[in-house]
Amino acid sequence: MSPVSTPLNTFPNEPGQLSATLLSDIASRKAHIGVIGLGYVGLPLAMTVARSGFSVTGFDVDPEKMVAIDAGRSYIEAVPDEILVAEVGAGRFSATNDFSKLAICDIIIICVPTPLTRHRDPDLSFIIKTCEAIAATLRPGQLIVLESTTYPGTTKEVVRPILERTGLVSGRDFFLGFSPEREDPGNRDFKTSSIPKVVAGEGREASELVTAFYGAVVEKVVPVSSTATAEAVKLTENIFRAVNIALVNELKVVYEAMGIDIWEVIDAAKTKPFGYMPFYPGPGLGGHCIPIDPFYLTWKSREYELPTRFIELAGEINSSMPRHVVSRLAEALDIRLGKALSRSKILVVGLAYKKNVPDIRESPSLKLIELIEERGGSASYHDPFVPEIPKTREYLDLKGRRSVPIDADNVGAFDAVLIATDHDAVDYANLAGWAPLVVDTRNVFARRSIEADNIVKA
């Protein structure tokens, strides 16, 4: 489909004509796809769409991403360099920061961040700016799909009004949909194409279009009745995880006081073949979903004067875990070494929020470093996936710190090692032998049958 030059309110549009044309272009792979936001969600999606036979243009405001893509270098683990190079070389994928090129796209997918403000309110600034950029070139017949996680009603109440300021009308002139992303960095069992895709459109024609498009890209599509329902699906998935993680984090503290190992309890409980699903405690929540998404619903629920006590309590428990871990660290230093945390050097192992990935978004390791230093201690870190701490919104003072190599001399210079993320690439047996004290928040030593008197669980 090519851009329409007819004035916005006078173009010919028989009922169903625009959607029928786009449906045909989807089936024939003639539709040109735009993906806005080439991060952990957008780049894997763009590659999956391109490998399905569509031409894809990726959009991002970060010039470093453009440099990497031009050099054939992927910055996302889920996208190997060879796949990126192949799709660029085949002419199916290109990337740009020129948003005027949105005009050539028949389908535009929004994959931009949706963080929280300091007061845990939704920050939709990235969605709003993106929609304003789309509106600048919006033309009849385009399908716009939001994938960014948000509260129920965002597609209808925020995205639609911005796009309709152009004079074009959703469901008549352009089409609007929502499909929540379901990426899981580091999970090798699933890829974008094999994860079932929940989809919804605003109106019958939009629903048909969004179902047809994702049906051409992924193995299974799950249509739901409205964009608000699709938005709620994503929140429900992550609230479920946040609440259950909070439960085992609370149980950890209680059982700890009783001298009971929470990890042993969970391992035994999960042998029950029905009625139980294992979740595991940790030093806090990280990633782009679980620490953030639940609060999108708590914010929206205020509009209906309804409390969300379960969600808010889970947030309080999970947010308290870094302080609990640092308290356990201070206690272990005092009891085992007779040394105060304020006079101790601590090596935090694992900066990423989960094992075997370089993703540090919302990582509790950053909070652990901050808390250790607030109490007068000195904190360094080791992470084989994060050689240097990049700029973050919350921890600007940590920018530029570099990963400390692990060897006998380096580890021996620290008073304690704090395991925050259990990367497989770390030699834990040697670590236990070199460190005066190890505080393990991931049960990594017990899982590897490594026993030593200097290991304390937290």
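Strand S9 (residues 345-349) and strand S11 run parallel, joined by four bridges. Two strands count as paired when DSSP finds at least two bridges between them. Strands here are DSSP runs of E with at least two residues, helices are runs of H or I with at least four, and both are numbered from the N terminus. This is a predicted model, so local features need pLDDT of at least 70 and side-chain atom pairs count only at pLDDT 80 or more, while totals for chains, interfaces and linings use all residues. Residues are numbered from 1 along each chain as its sequence is written, and side-chain values use heavy atoms, with hydrogens and water left out.

Stay with S11 for a moment. Val 349 stands opposite Ile 419 in S11. On its other partner, strand S12 (residues 438-440), S11 (residues 416-419) makes three bridges, and these two strands also run parallel. Val 417 has Val 438 of S12 as its bridge partner.

Now look at the side chains of S11. Ala 416 and Leu 418 lie on one side, Val 417 and Ile 419 on the other, and all of them are buried. Buried means under 20% relative accessible area, exposed means over 50%, and partly exposed lies in between, using a 1.4 Å probe and protein chains only. Both faces of S11 are therefore covered.

How does the chain get from S11 to S12? It passes through helix H14 (residues 428-434), and the three elements make a right-handed β-α-β unit. Right-handed has a set meaning: with the strands pointing away from the viewer, the path from the first strand over the helix to the second runs clockwise.

Step back to the whole sheet. Five strands form an open sheet in the order S10-S9-S11-S12-S13, and the pairing is parallel. Strand S10 (378-382) and strand S13 (455-457) are the edge strands, each pairing on one side only. Neighbouring strands of this sheet are turned by 25° against each other on average, direction ignored. Such angles are taken between axes, which are lines fitted to C-alpha atoms (for helices over the stretch in contact), and run from 0 to 180 degrees between N-to-C directions.

Strand S4 (residues 107-110) pairs with S5 in the parallel sense over four bridges. Ile 108 stands opposite Ile 144. Between S4 and S5 the chain crosses through helix H5 (residues 125-135), and this β-α-β crossover is right-handed. S5 also pairs with strand S6 (residues 175-178), again parallel and over four bridges. Leu 143 faces Phe 175 in S6. S5, helix H6 (residues 154-164) and S6 form a right-handed β-α-β unit.

A cavity is a set of points, on a 1 Å grid over the protein atoms alone, where a 1.4 Å probe fits but cannot get out; lining residues have an atom within 4 Å of a point. About 80 Å³ of space lies in the largest cavity. That volume is the space filled by probe spheres set on the points, with grid points joined across faces, edges and corners. Its lining includes Val 41, Leu 45, Glu 147 and Arg 182.

Last, two loop residues. Arg 29 is not a glycine, yet has a positive phi of about 65°. Arg 29 sits in the loop between helix H1 (17-27) and strand S1 (32-36). Glu 305, also not a glycine, has a positive phi of about 55°. Glu 305 lies in the loop between helix H10 (293-301) and helix H11 (309-337). Most residues other than glycine have a negative phi.

How values were computed: 1 Å grid on protein atoms, 1.4 Å probe; cavity = no way out; pocket = protein on both sides within 12 Å on 5 of 7 lines; lining within 4 Å.
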